Amino acid sequence: MSSEATTPSLLQFAGDAEGEAAIAEARRQIEICNACRYCEGFCAVFPAMTRQKAFADGDMIQLANLCHNCRGCYYSCQYSAPHEFDLNVPAALAAVRQDSWTRSAWPAALGRVFHRHGVAVAAALVAGFAVLLLLIQALRPEAGQGFYAFLSHNAMVAIFLPAFLLPLAALAVGLRRYWREVGGAPLRGRHLAAAFKDAAVLRNLDGGQGQGCNFEKGDRYSNERRFAHQATLYGFLLCFAATSVATLMHYLFDMPAPYGLFSLPKLFGLSGGILLCLGTLRLAMLKTRGARALGAPGVWGGEMAFVLLLFFVSLSGLVLYAANSTTAVPWLLALHLGSVLAFFLLTPYSKMVHGFYRLAALAREAQQRAAKS
């Protein structure tokens with residue numbers, strides 16, 4: 001892993017006392033874990049930890065972003081409370097991870113506001129954008145098919161293209177800062193392939209031996225969180241594929257919407273919407289059952305707001321499809337597009353960002369494994 005000399009700490013640059021304290025506590029706990037090594041068969045955090053004896057700030061941030069907060073190490077640990085060492089590795093790494101996302105966000109102030117008042121911010125944005133889109137519908141064209149009868153294609157492009165590209169630019173800035181902080185080397189295809197493979201199967205949520213994690217059942221194992229996470233991930237990717245295919249059909253093959261039930265955009269969109277709806281609903285239910293003290297309690301509301309926003313995006317999309325040709329379409333269309341717009345704009349500051357950082361951490365882990373072998 002990186003060293004103090006090769007990875008100057010952004011914490012020092014930012015003068016973030018809270019972040020420095022979080023890293024110091026996580027380092028204390030990881031050094032005890034590195035002496036014990038009882039959990040070395042668990043998630044990717046522990047094999048990565050055992051490759052070194054000392055941990056720079058960048059190393060701690062990398063370990064924190066490898067952690068999937070499954071909590072198996074906490075329930076297996078002989079040094080957790082009431083032992084005097086008082087180890088709580090999931091919470092310690094969650095604090096470092098959250099601080100790294102907040103500092104890397106651009107602009108960082110938006111992330112802090114969302115995590116403190118997540119539900120209120122998400123609800124206000126959805127409602128505000130929905131009202132705005134209803135007003136824009138007054139400018140709708142005299143002729144149009146499907147949703148384009150209420151909101152022209154050009155208006156949709158003018159609204160959603162910057163709402164999609166600007167968050168991507170903010171994410172790129174944050175990921176560049178992260179990569180420099182953890183001492184990342186130039187990426188190779190094999191590193192990315194290994195990272196995508198781990199992300200696709202969510203290997204780090206299987207508890208190490210496939211028995212699952214302890215997120216919602218204390219010292220009992222369960223794969224429910226892993227399955228709900230997979231439904232959410234694949235549902236989101238199918239919805240993204242539906243939009244991408246529809247864009248290609250529109251611009252390359254002059255086949256504008258609306259599309260039939262058995263077209264690729266509809267098949268991808270409907271199956272993705274159902275998976276996303278079920279996955280996020282289950283994740284929200286599991287989150288209410290997990291112990292808050294084993295995560296980052298200060299951002300619990302923001303994390304729940306993100307899950308509920310994704311659930312609302314998928315649910316409103318399915319309801320809109322079911323309400324086709326009814327008088328409710330203009331209102332439902334504004335509400336659905338308003339939630340999608342809020343989701344895009346909040347992506348760099350909400351829990352959605354964890355997917356990008358986890359992928360970067362898995363790619364860095366693949367680099368380090370290759371360098372060690």
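**Figure 1. Arg-37 in the loop between α2 and α3.** In this predicted model, Arg-37 lies in the loop that runs between helices α2 and α3. Arg-37 is not a glycine, and yet its phi is positive, at about 65°. The residue counts as partly exposed, since its relative accessibility is 34%.

**Figure 2. Asn-69 in the loop between α4 and α5.** A positive phi is also found at Asn-69, where the angle is near 55° in a residue other than glycine. Asn-69 has its place in the loop between α4 and α5, and with a relative accessibility of 8% it counts as buried.

**Figure 3. Helix α4 and its covered residues.** Helix α4, which spans residues 57-66, is mostly covered, for 10 of its 10 residues are buried. Among them are the charged-side-chain residues Asp-57 and Asp-59, together with Gly-58, Met-60, Ile-61 and Gln-62. The buried residues of α4 also include Leu-63, Ala-64, Asn-65 and Leu-66, towards the other end of the numbering of the helix.

**Figure 4. Asp-59, a buried residue without a salt bridge.** Asp-59 has its place in helix α4. Although Asp-59 is buried, it has no salt bridge, and the nearest side chain of opposite charge, that of Arg-364, is 6.5 Å away. What the side chain of Asp-59 does make is a polar contact with the side chain of Gln-52, at 3.2 Å.

**Figure 5. The salt bridge between Arg-27 and Asp-57.** In the model as a whole, the count of salt bridges comes to 10. One of these is formed by Arg-27 and Asp-57, whose closest N and O atoms are 2.6 Å apart. The pair links distant parts of the chain, with Arg-27 in helix α2 (residues 17-36) and Asp-57 in helix α4, 30 residues apart. Arg-27 is buried, with a relative accessible area of 18%, and Asp-57 likewise counts as buried, at 10% relative accessibility. Both residues are placed in the buried class because that class takes in values under 20%.

Figure 6. The side chains of Glu-365 and Arg-51 meet in a salt bridge, in which the distance from N to O is 2.7 Å. This pair, too, links distant parts of the chain, since Glu-365 is in helix α15 (residues 353-372) and Arg-51 is in the loop between α3 (45-49) and α4, 314 residues apart. Glu-365 is buried, with a relative accessible area of 2%, whereas Arg-51 counts as partly exposed at 22% relative accessibility.

**Figure 7. The salt bridge between Asp-198 and Arg-203.** Asp-198 and Arg-203 form a salt bridge, the closest N and O atoms of the two being 3.1 Å apart. Asp-198 counts as buried at 11% relative accessibility, while Arg-203, at 35%, counts as partly exposed. Elsewhere in the model, salt bridges that share partners join Arg-51, Glu-365 and Arg-369 into one network.

Figure 8. Ala-81 and Pro-82 are joined by a cis peptide bond, for which omega is about 20°. Pro-82 is found in the loop between α5 (72-76) and α6 (89-104). The peptide bond from Ala-257 to Pro-258 is also cis, with omega near 10°, and Pro-258 is found in the loop between α11 (224-252) and α12 (264-289).

**Figure 9. The largest pocket and its lining.** The largest pocket has a volume of about 1,800 Å³. It is lined by 46 residues, of which Ala-242, Thr-243, Ala-246, His-336 and Leu-337 are the closest to its centre. At least two residues of the lining are supplied by each of α9 (153-181), α11, α12, α13 (300-322) and α14 (329-346), and the largest share, 10 residues, comes from α11. By class, the lining has 31 nonpolar residues, 14 polar residues and one charged residue.

Technical notes: Residues are numbered from 1 along each chain as its sequence is written. This is a predicted model: local features need pLDDT of at least 70, side-chain atom pairs count only at pLDDT 80 or more; totals for chains, interfaces and linings use all residues. Side-chain values use heavy atoms; hydrogens and water are left out. Helices (H or I, at least four residues) and strands (E, at least two) are DSSP runs, numbered from the N terminus. Buried means under 20% relative accessible area, exposed over 50%, partly exposed in between (1.4 Å probe, protein chains only). A salt bridge is a side-chain nitrogen of Lys or Arg within 4 Å of a carboxyl oxygen of Asp or Glu. A polar contact is a pair of N or O atoms within 3.5 Å; within protein, one must be able to donate a hydrogen and the other to accept it, and residues adjacent in sequence count only if both atoms are side-chain atoms. On a 1 Å grid over the protein atoms alone, a cavity is a set of points where a 1.4 Å probe fits but cannot get out, and a pocket is an open set with protein on both sides within 12 Å along at least five of seven lines; lining residues have an atom within 4 Å of a point. Grid points are joined across faces, edges and corners, and a volume is the space filled by probe spheres set on the points. Ala, Val, Leu, Ile, Met, Phe, Trp, Tyr, Cys and Pro count as nonpolar, Asp, Glu, Lys and Arg as charged, and the others, Gly among them, as polar.
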